[in-house]
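Hi,

Here is the structure I promised to pass along. Have a look at it first, and my notes on what turned up follow below.

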Amino acid sequence: MIPEEQKKALDSWQISARYWNKYRVLIAQMFAPLTLGLVEEARIGIGQKVLDIGGGSGEPSLTISSIVGPTGSVTYTDPVAGMVETAQAEAGSQGLTNIHFRQCSADELPFAERPFDVAVGRLSAMFFADPVKAVREALRVIVENGYVSFVVWGPKEANPFFSAITDAIDRSVDVPPQGPDAPETFRFADPGKLAGILKKAGAKNVIERKLNFEIKAPISFEQFWQLRTEMSGTLREKIARLAPDQLPTVKQAVAESVRKYFVRGTMSFPAQALIVSGRKLVV
Ligand SMILES: C[S@@+](CC[C@H](N)C(=O)[O-])C[C@H]1O[C@@H](n2cnc3c(N)ncnc32)[C@H](O)[C@@H]1O
């Protein structure tokens with residue numbers, strides 16, 4: 001990414017930060033299976049020192065803090081000030097004392113070599129400016145034999161929670177085509193793509209695991225629409241380009257296409273993620 005684009009992307013995340021904070025409880029609930037997947041793949045347990053890269057409104061850091069317990073610690077990182085502030089405030093209000101916070105980008109980690117046992121990133125790798133450099137950095141700061149593990153979204157077709165609104169809007173506005181390496185939700189949806197990056201960065205024993213789960217929450221279609229259109233910078237931008245009379249039509253089309261995922265006050269979308277992990281082995 002060129003620096004100008006990078007700055008624009010981070011500015012958009014800064015606006016998103018207030019909405020990620022607003023929906024913190026729902027986010028933790030909806031994406032909890034991803035955190036559990038990461039914990040399992042990276043073999044996170046009591047007493048470990050864990051690095052979280054691109055922690056957003058606080059996950060998976062907040063969950064991992066209770067898994068590693070008082071003898072372990074989590075270091076949360078994110079390049080966006082608004083994200084760091086809200087995550088830190090939440091850790092404070094939960095009285096968590098084993099979390100540390102640093103504002104930094106994945107491709108320039110302000111740590112010496114090897115202070116961590118493992119490094120993880122939940123739904124952040126697709127936004128890294130230079131993913132190979134970022135994974136190299138993650139490997140640099142973990143101990144020998146440690147794990148790096150990233151979870152990203154699988155294909156668009158398997159993730160209607162994300163694609164339903166985007167597809168409906170894209171049918172109404174001219175969207176300039178994006179290159180395959182543009183930082184966006186489905187950047188690493190192709191099997192093997194992120195695994196290739198881990199290998200290129202020097203990770204060994206790289207494994208990719210498919211995780212099928214349901215994005216569940218006790219919310220209505222109206223609440224889903226509001227949550228998605230507030231939290232996503234891309235959607236906010238695209239909606240701003242719709243003519244005023246187009247929005248109700250798009251919303252109606254989305255409501256019809258996702259009706260089956262809302263039953264008796266509960267939202268439940270099928271979803272697919274990929275968890276890609278590797279180890280730092282010195283040969
Ligand atoms: C989709 S959010 C995921 C947040 C959180 N991990 C979660 O799962 O709820 C993506 C996060 O990646 C962060 N991000 C964007 N560019 C980044 C970079 N270059 N290095 C690290 N994180 C980055 C954003 O600020 C944002 O907090």
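This is a predicted model: local features need pLDDT of at least 70, side-chain atom pairs count only at pLDDT 80 or more; totals for chains, interfaces and linings use all residues.

Pro-60 sits in the loop that runs between strand E1 (49–53) and helix H4 (61–68).

Arg-43 is not a glycine, yet has a positive phi of about 55°; you'll find Arg-43 in the loop between helix H3 (32–41) and E1. Leu-123 does likewise, with a positive phi of about 60° and no glycine there either. That residue belongs to the loop between strand E4 (116–122) and helix H6 (131–140). Leu-123 has a relative accessibility of 12%, so it counts as buried, the cut-off being under 20%.

The structure holds 20 aromatic pairs. One of them joins Trp-153 and Phe-162: the centres are 4.8 Å apart, the planes make an angle of 50°, and the pair is classed as tilted. Both Trp-153 and Phe-162 are buried.

Then there is the pair of Phe-161 and Phe-269, which is edge-to-face because the planes stand at 80°, with 5.6 Å between the ring centres. This pair ties together distant parts of the chain: Phe-161 is in helix H7 (residues 160–170) and Phe-269 in strand E8 (residues 266–279), 108 residues apart. Phe-161 is buried at 3% relative accessibility, and Phe-269 is buried at 0%.

All four of those rings belong to one aromatic cluster, whose members also include Phe-31, Phe-186, Phe-213, Trp-225 and Tyr-261.

As for the whole chain, there are eleven helices and eight strands. The radius of gyration is 19 Å, close to the 19 Å from the globule rule for 283 residues, so the chain is as compact as a globular protein of that length. Along the principal axes, the C-alpha atoms fill a box of roughly 60 × 40 × 35 Å. Of the 283 residues, 53% count as buried. Among contacts with a separation of 6 or more, 83% come from residues 24 or more positions apart.

Charges come to 33 positive and 31 negative side chains, with the centres of the two sets 3 Å apart.

Cheers

Note on methods. Residues are numbered from 1 along each chain as its sequence is written. Side-chain values use heavy atoms; hydrogens and water are left out. Helices (H or I, at least four residues) and strands (E, at least two) are DSSP runs, numbered from the N terminus. The radius of gyration is taken over C-alpha atoms; the globule rule is 2.2 Å times the number of residues to the power 0.38. Buried means under 20% relative accessible area, exposed over 50%, partly exposed in between (1.4 Å probe, protein chains only). Contact means heavy atoms within 4.5 Å. Lys and Arg count as positive and Asp and Glu as negative; His and the chain ends are not counted. The place of a charge is taken as NZ of Lys, CZ of Arg, CG of Asp or CD of Glu. Rings of Phe, Tyr and Trp (its six-membered ring) pair if their centres lie within 6.5 Å; planes under 30 degrees apart count as stacked, over 60 as edge-to-face and the rest as tilted.
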